[in-house]
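User: Could we go through this structure together? I would like to start with the helices.

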Amino acid sequence: MTERPLQEPTLLLITALADAPRHGYALIQEVAAISGGRVRLRAGTLYGALDRLLGQGIVRVEREEVVDSRLRRTYALTDAGYEVLATEADRLRTTVREAERRIGLGRPGPALRPARDGAGA
């Protein structure tokens with residue numbers, strides 16, 4: 001795995017697997033829940049990402065079962081996947097701390113702050 005930041009869908013996908021193994025449909029639902037509905041994975045995108053993550057050793061197939069005459073795979077994070085997620089969480093925390101620091105330094109006091117609703121000062 002490279003050191004570059006994860007794309008948001010990938011980050012959400014491995015986050016969804018961090019607490020429990022899940023099958024495809026459950027992953028789609030969990031990613032939507034984690035993102036507050038902002039990210040809705042389609043099946044093609046999900047399975048393409050899972051294939052890529054399987055190839056990188058970040059996820060593994062936990063089990064396979066036949067449900068309603070269809071094969072259902074349940075995926076889980078590998079140890080490497082947990083490391084990738086922890087590294088990304090640290091990177092994001094560092095970025096958020098710096099953004100908050102800069103907001104605090106650059107934010108004018110209440111009397112100088114521009115009105116947000118378009119009303120005059």
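User: Is helix α1 mostly covered or open?
Analyst: Helix α1, residues 8-17, is mostly covered, with seven of its 10 residues buried (under 20% relative accessible area with a 1.4 Å probe, protein chains only). Helices here are DSSP runs of H or I with at least four residues, and strands are runs of E with at least two, numbered from the N terminus. This is a predicted model, in which local features need pLDDT of at least 70, side-chain atom pairs count only at pLDDT 80 or more, and totals for chains, interfaces and linings use all residues. Residues are numbered from 1 along each chain as its sequence is written, and side-chain values use heavy atoms, leaving out hydrogens and water.

User: Which residues of α1 are buried?
Analyst: They are T10, L11, L12, L13, I14, A16 and L17.

User: And what covers them?
Analyst: The cover includes β1 (22-23), α2 (24-34), α3 (43-55), β2 (59-67), β3 (70-77) and α4 (79-106).

User: At what angle do α1 and α4 pack?
Analyst: The angle is about 120 degrees, and the axes are 10 Å apart. Axes are lines fitted to C-alpha atoms over the stretch in contact, with angles from 0 to 180 degrees between N-to-C directions.

User: Which residues make that contact?
Analyst: L11, I14, T15 and L17 of α1 meet G81, Y82, V84, L85, E88 and L92 of α4, where contact means heavy atoms within 4.5 Å.

User: New topic: where does D68 lie?
Analyst: D68 lies in the loop between β2 and β3. Its phi is near 50 degrees, a positive value in a residue other than glycine.

User: Why does D68 count as exposed?
Analyst: Because its relative accessibility is 71%, and exposed means over 50%.
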